[in-house]
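Let us read bonds and contacts between side chains. Please bring up the model.

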Amino acid sequence: MPAPRDPDRDGVPCMLLRGGTSKGAYFLADDLPAEDDAVDDLVLRIMGSPDPRQIDGIGGAHPLTSKVAIVRPSTAEGVDIDYLFLQVGIDEPRVSRTQTCGNLLAGIGPFALERGLLSAGGTSARVRIRLVNTGDIATATFAVEEGRPRYDGDTAIDGVPGAGSPIELEVSAGAGKALLPTGRARDEVAGRAVTLIDNGMPVVLVRAEDVGATGAEAPPALEADAAVARAVEELRLAAGPLMGLGDVSDQTVPKVILLAPPTDGGDVATRAFIPHRVHTSLGVLMAASVAAALRIPGTVAAGVARDGSADPESEEPIVIEHPTGSLISRVRVRRDADAWHAASLSVRTARKLFDGTVFPRAAASASPAPSGRTLP
Ligand code: NQM
């Protein structure tokens, strides 16, 4: 009998894909250890963390390129695939399971097809995906050719050069999840008016001017502004418990999104703290949360948006401006006796970048040997 595969000796099968405006390492759950702690240790060593440059691993030294997707066939009724997302710390040895990622979600259907977890005849595939981190359910629809995903096409998304094949992502909330976690369209947190909303990604929406920003800054300028960063973190820490997330000091959620009136023909302008770096564009589920808020009367988003875009009956696409262009989100909101609900649809692209075997950095030894030769 062959010896069981040892990740350190034999490496781990891994596919790198760009999903939307992010990039991540995709694995089959069966190719990883069973225990969470062992998975965390392994993905940290694969990505090259902790190290601000992730120089000894495949991470890209930014939160948008330090992401992992773990995929397995689902046992849930009516669902094809389970997708677990890991946000891998860069300069800290930390792996977070508290959020999902709508951008890597774009690559899940194609990856599952590439790995033979699904088969698809005809010209398109429709895959039901459970977002294990949040319990939400997504349906991904994408083009296939001879049973393989198509990556080439004419669909361009801002923040990614070129164009690709469109991947439609329809996301709806898992059972029992509240769109407005406090039940209110607007709250006062740390002395500021905010909307706390979770349409796939828990976010705190605040007017940019209320934290001392304009909402037109480039991400590095916002990251360098210590007063804004302090105000944003104060809001986030206070909002976390109100959103049912508990103490969020060590979590990557909620995200804080600064809102301002649109300046480029869209419905609203955004700058997203994820939660400490500033997004170079906008997460697709963050956009869904902004879009749902925009359609709910009384929210901070409805107050900032272009006149006429805050109509709850409207099914027009919502154009959300971000630092590198805009993202279009379609959202339907409805109110029943108890609460507001939402479902959203967005279009992304994804591309297979690499498929092979990744070799983790060696586990840290207690006393590393000195590097280099000693000169006489
Ligand atoms: O909101 C970044 C991204 C995300 C999240 C982050 C995302 C989403 O990849 O749907 O995809 O939350 O750190 O853009």
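The dialogue below takes up cysteines, then salt bridges.

Q: What should I know before reading this model?
A: This is a predicted model: local features need pLDDT of at least 70, side-chain atom pairs count only at pLDDT 80 or more, and totals for chains, interfaces and linings use all residues. Residues are numbered from 1 along each chain as its sequence is written, and side-chain values use heavy atoms, without hydrogens and water.

Q: How many disulfides does the structure hold?
A: A disulfide is a covalent bond between the sulfur atoms of two cysteines. The cut-off is a pair of cysteine sulfur atoms within 2.5 Å. The structure holds zero. Cys14 is in no disulfide, and the nearest cysteine sulfur, that of Cys101, is 15 Å away.

Q: Is Cys14 buried or exposed?
A: Buried means under 20% relative accessible area, exposed over 50%, partly exposed in between (1.4 Å probe, protein chains only). Cys14 is buried, at 1%. Cys101 is buried too, at 4%.

Q: How many salt bridges does the structure hold?
A: A salt bridge puts a side-chain nitrogen of Lys or Arg within 4 Å of a carboxyl oxygen of Asp or Glu. The structure holds 21. One of them pairs Arg45 with Asp8, at 2.6 Å from N to O.

Q: Which helices hold Arg45 and Asp8?
A: Helices are DSSP runs (H or I, at least four residues), numbered from the N terminus. Arg45 lies in helix 2 (residues 36-47) and Asp8 in helix 1 (residues 7-10), so the pair ties together parts 37 residues apart in sequence. Arg45 is buried, at 7%, whereas Asp8 is partly exposed, at 39%.

How values were computed:
Helix = DSSP H or I, 4+ residues; strand = E, 2+ residues; numbered from the N terminus.
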